[in-house]
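Visitor: I have not seen this one before. Can you walk me through it?
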Amino acid sequence: MTEVGPAAEMPADGAEIHVVDLKKYFDLRRGFLKSFRGEPVRVRAVDGISFDIRQGEILSLVGESGCGKTTTGRLLTRLEEPTGGHIMFGGVDIASLEGHALFEFRRNVQMIFQDPYESLNPRYTVFRAVSEPLIIHRIATSLEERTEVVIRALEDAGLRPAQDMLDRFPHELSGGQRQRVAIARAIVLNPKVIVADEPVSMLDVSIRAGVMNLMLDLREKYRIPYVFITHDIAVARYMADRIAVMYLGRIVETGPMDEVIAHATHPYTRALLASVPVPDPEHTYAQVPIFGELPSPINVPSGCRFRTRCVYAQEICTTTVPPNIEVKPGHFAECHFAVDIFEGRMAPREAVSEAALESMSAGPPSVEP
Amino acid sequence: MPLLAVRNLKTYFRVRAGWVKAVDGVNLNLDEGETIGLVGESGCGKTTLAYSITQLLPSNAHVFGGQIIFDMEGHATPYRPAYWNMAEARAAPDLQKAKAELETVQSAPETKEATPRLEELRRKVDALENPLSETYRTYLAPEIQALERTVRDLTMKFETGDKASRRALAEAKNRLAAATQNGDLVDITRRPDGRLREYHPKLNAVRWKQISIVFQGAMNALNPVYTVGRQIIETIRTHEDVGPEAARTRVEELYRLVGIPADRIDNFPHEYSGGMKQRAMIAMALALSPRLVIADEPTTALDVITASKIMDEILRIQKDLHMALIIISHDVSVVAKVADRIAVMYAGKIVEEGPSAKIFSRTIHPYTEGLLSAFPSVVGERRRLVSIPGNPPSLLSPPNACRFHPRCQYAKDICSTVDPPEVTPEPGHRGLCHFVDEFYARGGLFRG
């Protein structure tokens with residue numbers, strides 16, 4: 001990928017993490033004989049993305065399953081080694097970190113996982129789960145100090161009275177409480193960045209709003225930037241200041257949240273927004289402007305990877321990789337016609353007719369990683 | 001007149017710790033061609049209600065009361081309410097007596113002899129409050145006998161050439177059907193202990209042919225070792241006497257209807273994408289042109305774009321084929337998009353039900369308000385979401401009286417002591433709360 005948006009070339013002021021042309025390919029295992037000939041089959045989960053995470057902001061990575069958003073989160077926390085590109089944190093590429101520096105990095109970047117039923121050890125009490133990071137990092141060495149720090153973290157996470165929580169096991173907690181414990185464990189080390197991978201998608205509706213509000217309040221209090229990974233654009237809108245929409249391993253559109261919602265430019269973002277159900281029975285829905293199904297990430301289309309489903313696609317989209325165009329300060333879209341679409345001068349290639357949809361859906365099924 | 005009437009249904013699960021009251025006195029009516037959305041959080045009993053209707057309950061489920069009347073012929077319907085009222089009026093004194101006795105036994109000091117009597121009385125009160133079809137029949141015995149006699153006489157007359165008695169005969173037959181609670185699925189398959197039989201020829205005539213279901217999680221609902229086409233063909237041939245060729249032609253038609261290319265019939269489930277599996281499940285549900293389809297979280301596991309397309313497809317087919325549809329979802333916005341009416345479930349009960357627009361514009365139950373206030377949206381202002389304090393209750397020991405009172409911001413003393421009444425402030429819009437009228441007069445609770 002040669003096209004790198006201006007945002008990636010110059011680290012913006014106060015960028016906490018600066019990602020440049022990040023790539024992660026997974027080799028697929030094939031048959032014994034096949035493995036001797038030809039290229040290995042690769043899934044290009046993340047294929048050259050660049051973005052910044054700025055101080056105190058919440059950046060949301062949004063996309064459908066298989067678009068590479070979780071892989072991006074795992075790369076940011078160095079749970080995966082990148083195939084290419086750089087993740088700059090505090091002026092160094094995190095891929096080069098070793099020994100004590102890596103240890104420090106792990107303290108500074110914390111992750112909250114999707115499923116609080118699996119991310120907490122069932123045999124650890126709440127106190128042990130939250131105090132373990134402190135022991136590992138030799139913070140608050142006496143038991144009294146540790147208890148105090150843990151209680152503060154639990155109270156920050158909305159678990160009050162925290163004293164009563166300390167000796168409980170995960171099975172004694174509800175889903176929402178477990179996720180709050182996971183949040184407490186993430187904030188107890190005062191990290192510089194938190195990566196949250198679908199932190200609310202396993203929670204019940206009535207609980208979910210509370211956990212989202214908690215994360216927003218913590219951001220207000222400690223100015224910790226979050227990377228908020230979600231498939232739900234409505235949740236992303238509620239949480240984030242900026243959004244990055246991912247499609248098949250690329251960030252196709254990025255910008256301030258309200259701007260992107262109001263003036264979605266990339267055809268994929270537009271389709272995504274049109275398909276979100278709205279909690280209002282009076283809302284009128286437009287036809288979702290998209291064809292077919294997600295192509296396999298093994299055989300990514302040439303040129304623009306969205307072209308097979310795009311209602312605006314033309315000749316050039318098959319041959320040339322689209323540039324990342326800044327349609328408004330800070331609002332980028334990776335599309336040849338970004339400006340035309342942004343200014344409303346572009347008509348869809350053809351009406352999204354049922355016949356067209358049917359002929360397109362004959363393509364290969366998507367592969368779920 | 002409703003196609004499906006669920007009346008006072010009680011489905012409990014036997015577990016080691018006691019009874020899980022998953023569905024506890026649910027009423028629901030559904031007309032032909034209508035779409036109703038059933039919303040609620042996980043564990044509120046939505047799926048149990050669906051499985052009770054289709055009678056696909058696990059073996060530890062017991063139906064303790066109520067009826068599920070699926071009107072196959074439709075003739076008995078107009079006479080049903082009259083017989084229900086008649087039976088309930090007759091049962092009222094017995095109920096009162098049983099209740100009074102229960103109270104005296106309860107307040108008396110505990111003795112060994114009193115315990116079984118107490119149990120018996122409790123069961124009696126319960127049976128009278130949530131009558132099964134057999135309870136109705138005991139109170140309607142004289143009418144049933146008389147109607148049977150009339151039908152017999154009229155049949156004889158008709159057969160001996162009196163063509164004029166035809167109309168009277170048809171009416172008498174319909175009255176008899178209504179009085180004997182004909183069409184109650186629970187009545188057909190219920191065993192004495194409350195469990196439901198897995199198979200009954202009468203039930204088989206209804207299941208899948210008249211009522212079908214799109215299961216939650218299509219990825220797990222298809223058998224991985226058979227091709228998808230074979231599974232749908234098997235469904236068709238189990239219920240209808242058609243040859244393999246004809247069944248295959250039907251599958252091709254169904255595939256066209258749900259938007260899968262016909263050359264994918266002989267693929268295995270793993271060769272389908274998630275969306276295609278869901279479409280195949282819908283095709284299977286439609287295979288026998290049922291009059292009622294229950295879709296249990298049909299799009300929950302799918303990506304938004306696929307989900308919205310499939311939901312549109314379901315609605316289009318539903319309109320074309322004029323089916324009744326129950327959409328079950330935890331997502332208020334999905335239900336708001338598709339349903340004519342919405343029923344909100346909480347802890348085994350329907351707490352509010354009404355036309356979709358009314359549920360939003362004039363919310364009369366605090367739980368509905370909480371649910372609506374907790375949902376983010378991509379349109380409109382970005383407002384602060386409000387979560388409902390606390391957690392959904394365990395259905396093993398739900399809170400006394402109103403089940404929502406521990407989490408309710410409007411709760412007063414009465415809410416923890418007296419069962420909330422079902423109030424209908426406007427036609428077709430009901431709420432299960434002591435303060436429905438007050439909330440309605442205020443113009444509804446939810447301010448979106």
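Guide: What follows is a short tour in questions and answers.

Visitor: What should I know before reading any numbers?

Guide: This is a predicted model, where local features need pLDDT of at least 70, side-chain atom pairs count only at pLDDT 80 or more, and totals for chains, interfaces and linings use all residues. Residues are numbered from 1 along each chain as its sequence is written, while chains are lettered from A and ligands numbered from 1 in the order in which they are written.

Visitor: Start with chain B. How many helices and strands?

Guide: Chain B has 17 helices and eleven strands. Helices (H or I, at least four residues) and strands (E, at least two) are DSSP runs, numbered from the N terminus.

Visitor: Why is chain B called as compact as a globular protein of that length?

Guide: Its radius of gyration is 24 Å, close to the 22 Å that the globule rule gives for 448 residues, so chain B is as compact as a globular protein of that length. The radius is taken over C-alpha atoms, and the rule is 2.2 Å times the number of residues to the power 0.38.

Visitor: What percentage of chain B is buried?

Guide: 47% of the 448 residues. A residue is buried if 20 or more other C-beta atoms lie within 10 Å of its own, exposed if 12 or fewer, and partly exposed in between; C-beta atoms are placed from the backbone.

Visitor: Which helix shows that well?

Guide: Take helix H16 (residues 366-373) of chain B, where eight of its eight residues are buried. Among them are Tyr367(B), Glu369(B) and Leu372(B).

Visitor: What do the buried residues of H16(B) pack against?

Guide: Their partners include strand E3 (35-39) and helix H14 (332-338) of chain B, and also H8 of chain A.

Visitor: On to the contact between the chains. How many residues does each give?

Guide: Chain A gives 42 residues and chain B gives 41 residues. Two residues are in contact if their C-beta atoms, placed from the backbone, lie within 7 Å.

Visitor: Which element gives the largest share on the side of chain A?

Guide: H8(A), with eight residues. By class, that side of chain A has 23 nonpolar, eleven polar and eight charged residues. Ala, Val, Leu, Ile, Met, Phe, Trp, Tyr, Cys and Pro count as nonpolar, Asp, Glu, Lys and Arg as charged, and the others, Gly among them, as polar.

Visitor: Back in chain B, how do H12(B) and H13(B) sit: roughly parallel or roughly antiparallel?

Guide: The axes of helix H12 (residues 274-286) and helix H13 (residues 304-321) of chain B come within 10 Å and cross at roughly 15°. That makes H12(B) roughly parallel to H13(B) (angles under 35 degrees count as roughly parallel). Axes are lines fitted to C-alpha atoms, for helices over the stretch in contact, and angles run from 0 to 180 degrees between N-to-C directions.

Visitor: Which residues meet there?

Guide: Those from H12(B) include Ile282(B) and Leu286(B), and those from H13(B) include Ile310(B) and Ile314(B). The contact has five nonpolar, four polar and one charged residues.

Visitor: Is Ser289(B) buried or exposed?

Guide: Ser289(B) counts as exposed because it has 10 Å neighbours numbering 11, counted by C-beta. Its place is in the loop between H12 and strand E6 (292-296) of chain B.

Conventions:
Parallel < 35°, antiparallel > 145°, perpendicular 65-115°, else oblique.
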